[in-house]
Amino acid sequence: MKTENELYDVAIVGYGPVGATLAGLLGQEGLKVLVLDREADIYPLPRAIHFDGEVMRIFQSLGLKDKVLEISRPGIHGMHFVNAEGETLLVRAGSNESGPNGCANNYYFHQPQLEVLLREKAASHENVTLRLSTELIGIQEQSDCVELTAQNHNTHASSHYRVKYVVGCDGARSFVRNTMNSPMENLGLRQQWLVFDVLLKQNVELPPYTIQHCDPARPMTYCNVVDNRRRWEIMVMPDDNLEELVKPENIWKMLERWINPEQADLERAVIYTFNSLIAQGWRKGRLMLAGDAAHQTPPFLGQGLCAGIRDAANLYWKLTSIIKGNASDTLLDTYESERSAHVHEVIGLAVYLGSIIQTTDPDKAAERDRKLREDGCREFFMPVSQLGEGLWDSQRKAGGQLFFQPRNREGIALDDLVGNRFAIVHTDKAGFNKLEDALAERANIVPVELDNQEVGNWLAEKEAEFVVLRPDRYVLGTGKNKAQLQALLSLVP
Ligand SMILES: O=C(O)CCc1cccc(O)c1
């Protein structure tokens with residue numbers, strides 16, 4: 001058995017997009033990070049295909065926005081729920097305009113390309129150590145550290161590591177979660193679907209937007225991914241024989257309305273079980289969970305990856321504050337309370353949409369269509385990014401909300417002005433000068449003057465002169481005088 005003497009700050013178990021994002025964010029803060037992954041390389045086939053504007057903003061905080069823009073496609077046409085007769089029942093509208101995060105609200109991408117960028121970023125930090133083909137097989141929590149045992153898949157040799165904290169980004173069957181003994185709450189949707197990706201060989205007239213085909217005879221999803229990639233997801237029906245269903249000839253038959261094998265190559269076809277699960281206990285002592293290890297959503301909102309990347313953004317600055325000695329580790333108790341509220345809401349909406357899409361009884365489908373028609377409410381919106389109880393001021397308007405990303409007069413975006421720190425945003429230099437001495441000796445908080453109409457209006461609406469933002473861009477609180485500023489600063493680790 002090989003034992004490394006080094007005491008790592010954080011071990012990340014699982015080097016998928018969530019683990020790689022967290023490694024990049026912690027690496028950027030100078031922490032000593034160990035990444036373990038059982039696989040030798042990136043999984044080469046597509047899985048997640050969609051992320052939202054908040055997630056693009058997190059990539060921006062890694063300095064990756066331009067590169068991610070090159071490999072992704074803004075989803076400007078929205079998502080349409082259409083019944084068997086072709087009638088649109090419900091829409092998540094798209095938009096050509098930049099959204100509140102200073103970019104499009106939706107993007108489509110090919111997961112292996114995104115992972116290359118995230119891994120390049122993580123590996124660019126010499127304080128990030130990668131151990132690939134290395135499977136975690138033992139976790140022993142001690143009072144001052146965690147001892148990990150891992151086995152290399154090539155040499156079969158075991159190694160031993162000591163780390164201060166462990167984050168399990170190790171997927172739905174998480175070893176870390178099993179060790180923590182955190183049960184999963186089931187929000188009610190569990191259904192097999194056939195997921196397959198095609199590569200177009202020629203121009204084929206297909207819709208530019210995502211379609212949820214709410215056809216009781218065979219619910220399906222169609223997505224225009226990126227470049228020549230297209231995805232279909234097909235619900236497995238009770239009489240289906242799974243072995244038969246995945247055969248290319250049967251897949252092409254189900255697609256013949258739209259496309260044929262002369263026009264595209266089938267890249268992969270896989271049966272997935274869509275789940276709606278949330279772990280109870282995302283942190284136990286020095287162990288934490290993120291991504292699919294903590295929650296799994298049906299894909300109808302394209303939010304699985306987004307939730308995991310948000311976890312990474314919520315965790316990295318808390319771990320950094322604790323490891324640098326600026327906060328006690330009780331700060332980690334805010335991780336689940338802040339994140340799980342939003343995760344519940346998003347999965348709840350995906351489960352509701354699933355109940356619309358997955359209606360297979362024709363009478364119930366007719367009733368569903370009648371009700372949706374009657375409601376007249378044909379557009380639905382994504383839940384706002386709002387933290388559950390945690391490190392933010394619940395007494396003030398907008399506390400715990402994701403702040404938007406305005407630009408200054410020179411066109412520089414807020415997050416680029418601030419970096420990954422706490423910030424105080426205000427519009428009025430003269431007024432703020434009177435408060436500024438409250439900031440003395442708080443070098444970790446950046447004051448930002450943004451003489452911007454949108455920010456002025458936002459503050460006025462909240463009856464505030466300034467807003468204090470956390471490194472993950474969520475609102476710590478708003479205020480208009482020194483006492484309120486001091487109260488907020490006392491929360492900053
Ligand atoms: O565009 C969206 O809002 C999400 C699209 C999506 C992505 C993947 C699967 C799915 O059912 C929907």
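The side chains of His50 and Asn106 are joined by a polar contact of 2.9 Å, a polar contact being a pair of N or O atoms within 3.5 Å, of which, within protein, one must be able to donate a hydrogen and the other to accept it, while residues adjacent in sequence count only if both atoms are side-chain atoms. The model is a predicted one, in which local features need pLDDT of at least 70 and side-chain atom pairs count only at pLDDT 80 or more, whereas totals for chains, interfaces and linings use all residues. Residues are numbered from 1 along each chain as its sequence is written, and side-chain values use heavy atoms, with hydrogens and water left out.

The side chain of His50 also reaches the backbone oxygen of Gly302, at 2.7 Å. His50 is placed in strand E3, residues 50-52; helices (H or I, at least four residues) and strands (E, at least two) are DSSP runs numbered from the N terminus. With a relative accessible area of 7%, His50 is buried, where buried means under 20% relative accessible area, exposed over 50% and partly exposed in between, with a 1.4 Å probe and protein chains only. Arg473, in the loop between strand E24 (466-469) and strand E25 (475-479), likewise counts as buried because its relative accessibility is 7%, and its side chain is joined to that of Asp415 by a polar contact of 3.3 Å.

The ligand is surrounded by 13 residues, the closest of which are Arg92, Tyr108, Gln212, Pro299 and Phe300, a residue being counted as near if one of its heavy atoms lies within 4 Å. By class, this shell comprises 6 nonpolar, 5 polar and 2 charged residues; Ala, Val, Leu, Ile, Met, Phe, Trp, Tyr, Cys and Pro count as nonpolar, Asp, Glu, Lys and Arg as charged, and the others, Gly among them, as polar. An N or O atom in the side chain of Tyr108 is 2.4 Å from an oxygen atom of the ligand, and for the side chain of Arg92 the corresponding distance is 2.8 Å. A polar side-chain atom of Gln212 lies 3.1 Å from a ligand oxygen atom. Taken alone, the ligand exposes 330 Å², and the protein buries 98% of that, the areas coming from the Shrake-Rupley method with a 1.4 Å probe.

Helix H8 (residues 304-323) has 20 residues and reaches 29 Å from its first C-alpha to its last, close to the 28 Å expected at 1.5 Å a residue, the expected span being 1.5 Å times one less than the number of residues. H8 is mostly covered, with 19 of its 20 residues buried, and it is followed by Gly325, whose phi is positive, near 85 degrees. Helix H9 (residues 333-357), with 25 residues, reaches 37 Å, close to the expected 36 Å, and contains a kink of about 30 degrees centred on Ser340; the bend at a residue is the angle between axes fitted to the seven residues ending there and the seven starting there.

Most residues other than glycine have a negative phi. Asn181, however, has a positive phi of about 60 degrees although it is not a glycine; this residue lies in the loop between helix H5 (175-180) and strand E12 (184-186) and counts as exposed, at 62% relative accessibility. Glu463, in the loop between helix H13 (453-461) and E24, also has a positive phi, near 50 degrees.
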